[in-house]
Protein chains: 2
Amino acid sequence: MYAALADGNRRSMVDRLSHGPATVKQLAEPLVMSLPAVLQHLRVLEESGLVRSQKTGRVRTCYLEPAALTAAEQWIADRRAGWMSRLDRLDDFLQGEDS
Amino acid sequence: MYAALADGNRRSMVDRLSHGPATVKQLAEPLVMSLPAVLQHLRVLEESGLVRSQKTGRVRTCYLEPAALTAAEQWIADRRAGWMSRLDRLDDFLQGEDS
DNA sequence: CCAATACTTAAGCAGGTGCTTAACCATTCG
DNA sequence: CGAATGGTTAAGCACCTGCTTAAGTATTGG
């Protein structure tokens, strides 16, 4: 899941999709790489749950899955919160010592 | 940066550090891997800015860098917010159509 | 001082990632 | 129909990752 966000090109794709849905062609256009490469990145993003897509006719349209983004965000937020609260308690302790 | 969080063992280490600082030995203890492997993971985490460490005597103590976690969290939050607001506007548009 | 502890470095290796090209399938459009 | 468009599959290759073992170095503790 974070592995999907580990690659810069994939983050660019997520960034593009945050502005709205896009076809595979549109996703590929700003990227300096072949279409099959884009497909592979797209597959990684789909397997991570970050992106969904559906094919109508010959065009595949891709869009973000906000729930997956929320989950990734939450994991970081939880760890940070744990560490920060620990810093706060330490701070309280030091202040107690000081007075 | 997300590459650092891409590995499960490294996420375990971050998780452990969110409960408080730890020595290399302590970080390695719950992990099924050799000490040098832990060192390598630690190096990746330090290069990503997520973790800092300092050596006193023969013991190296590691701790989280909350600013880096915040940055990672923020990137996701921004993308999610962009996409969500777009969904909201679409929703408004459809409601306008409907009435 | 000598051995245990805690880490560190170096080398090497299996497997994974990201990319390419070549060929192919499926859906429009003229 | 037949060519153009949009996507897909397969194979292959260079490089990167995560791990290992073996051999250090640097601090303690007895």
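A residue counts as buried when its relative accessible area is under 20%, as exposed when that area is over 50%, and as partly exposed in between. Keep those cut-offs in mind for this tour of a predicted model.

**Stop 1: R79(A) and D15(B)**

Select R79(A). Is R79(A) buried or exposed? Its relative accessibility is 17%, so R79(A) counts as buried. D15(B) is partly exposed, because its relative accessible area is 26%.

**Stop 2: E73(A) and R80(B)**

Next, select E73(A). This residue is buried, because its relative accessible area is 13%. Which residue forms a salt bridge with E73(A)? Select R80(B): here the closest N and O atoms are 2.8 Å apart. This pair crosses between chains too, with R80(B) in helix α5 (residues 66-98) of chain B and E73(A) in helix α5 of chain A.

**Stop 3: R52(A) and E65(A)**

Stay in chain A. Select R52(A) and E65(A). They form a salt bridge with closest N and O atoms 2.6 Å apart. The pair links distant parts of the chain, 13 residues apart. R52(A) lies in strand β2 (residues 51-56), and E65(A) lies in the loop between β3 (59-64) and α5 (66-98). With a relative accessible area of 47%, R52(A) is partly exposed. How many salt bridges does a search of the whole structure find? Over all chains, there are eight.

What lets such pairs form? Side chains of opposite charge can pair when their charged atoms come close.

**Stop 4: two helices of chain B**

Move to chain B. Show α2(B) and helix α4 (residues 35-47). They pack at an angle of about 75 degrees, with their axes 10 Å apart. The two helices are therefore roughly perpendicular to each other. To see the contact, select N9(B), R10(B), M13(B) and V14(B) on α2(B). Color the contact by class: six residues are nonpolar, two are polar and one is charged.

**Stop 5: G49(B)**

Finish with G49(B), in the loop between α4 and β2 (51-56) of chain B. At 26% relative accessibility, G49(B) counts as partly exposed. Leaving aside residues up to four places away in sequence, G49(B) touches E65(B) and A68(B). Then pick A67(B), 18 residues from G49(B) along the chain. Their C-alpha atoms are separated by 8.7 Å.

Conventions
Residues are numbered from 1 along each chain as its sequence is written. Chains are lettered from A and ligands numbered from 1 in the order in which they are written. This is a predicted model: local features need pLDDT of at least 70, side-chain atom pairs count only at pLDDT 80 or more; totals for chains, interfaces and linings use all residues. Side-chain values use heavy atoms; hydrogens and water are left out. A salt bridge is a side-chain nitrogen of Lys or Arg within 4 Å of a carboxyl oxygen of Asp or Glu. Helices (H or I, at least four residues) and strands (E, at least two) are DSSP runs, numbered from the N terminus. Buried means under 20% relative accessible area, exposed over 50%, partly exposed in between (1.4 Å probe, protein chains only). Axes are lines fitted to C-alpha atoms, for helices over the stretch in contact, and angles run from 0 to 180 degrees between N-to-C directions. Angles under 35 degrees count as roughly parallel, over 145 as roughly antiparallel, 65 to 115 as roughly perpendicular and the rest as oblique. Contact means heavy atoms within 4.5 Å. Ala, Val, Leu, Ile, Met, Phe, Trp, Tyr, Cys and Pro count as nonpolar, Asp, Glu, Lys and Arg as charged, and the others, Gly among them, as polar.
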